Amino acid sequence: VMAEVLHAIQKWYGGYRLNPAEDHTNSEWMGPVTMLRGIVSVMRHDCPGSSLQDRRGQLQWNCGSHSFRLFEERALQCSLRGSVECPPARADSTFLGTKFGIFAPGAERKLVAWPRFAACDTWGCRGGGWDLHHV
């Protein structure tokens with residue numbers, strides 16, 4: 001899968017950026033778009049007739065020799081007092097990015113992780129690599 005993602009990154013830098021109709025996403029971020037393209041490419045080759053859309057809502061499935069396990073990023077349900085899902089440090093944060101969690105797919109809200117640490121206060125969490133440059 002990562003070889004296909006790297007191929008998609010090369011194409012991205014070669015000018016093949018956004019194609020919402022083909023990619024089935026409105027994301028403009030290189031990371032999610034190229035990962036999506038890599039997974040779709042592997043699925044086309046190793047489990048033809050199956051699509052990522054068909055697998056939506058499933059935590060895990062096999063595709064040829066690959067086993068995929070995908071989670072969903074969702075907004076946290078925060079209250080003023082905090083909760084297991086949204087502890088006080090997240091509930092009190094003014095940065096929107098700390099108010100998301102990684103969940104197992106399905107109606108049950110099974111939180112498995114947070115995409116950013118609670119003290120993060122800006123996109124990229126001051127880790128570098130987030131500078132926007134127009135090409």
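Start by selecting W12: with a relative accessibility of 7%, W12 is buried. Keep in mind that you're looking at a predicted model. W12 belongs to helix α1, which covers residues 2-13.

Now show what surrounds it. Setting aside residues up to four places away in sequence, W12 touches R17, L18, E28, W29, M30, V33, T34 and R37.

Next stop, the nonpolar core. Select L36, I39, V42, M43, C47, L52, W61, C63 and F68; these nine residues make up the largest nonpolar core. Which elements give two or more residues to this core? Colour α3 (30-46) and β1 (60-63), and you have them. The top contributor is α3, with four residues. As background, nonpolar side chains in soluble globular proteins tend to be buried together.

Stay in the core and centre on V42. Leaving out neighbours within four places in sequence, V42 is in contact with V1, E4, C47, C63, H66 and F68. Of the core, C47, C63 and F68 are members.

Is R116 buried or exposed? R116 is buried, because its relative accessible area is 16% and the cut-off for buried is under 20%. Show its contacts, again without residues up to four places away in sequence, and you'll see R116 touching E73, R90, F95, G97, W123 and C125.

Conventions: Residues numbered from 1 in each chain as written. Predicted model: local features only at pLDDT ≥ 70, side-chain atom pairs only at ≥ 80, totals over all residues. Heavy atoms only, no water. Buried < 20%, exposed > 50% of the residue type's maximum accessible area, 1.4 Å probe, protein only. Contact = heavy atoms within 4.5 Å. Core = buried A, V, L, I, M, F, W, Y, C linked by side-chain atoms within 4.5 Å.
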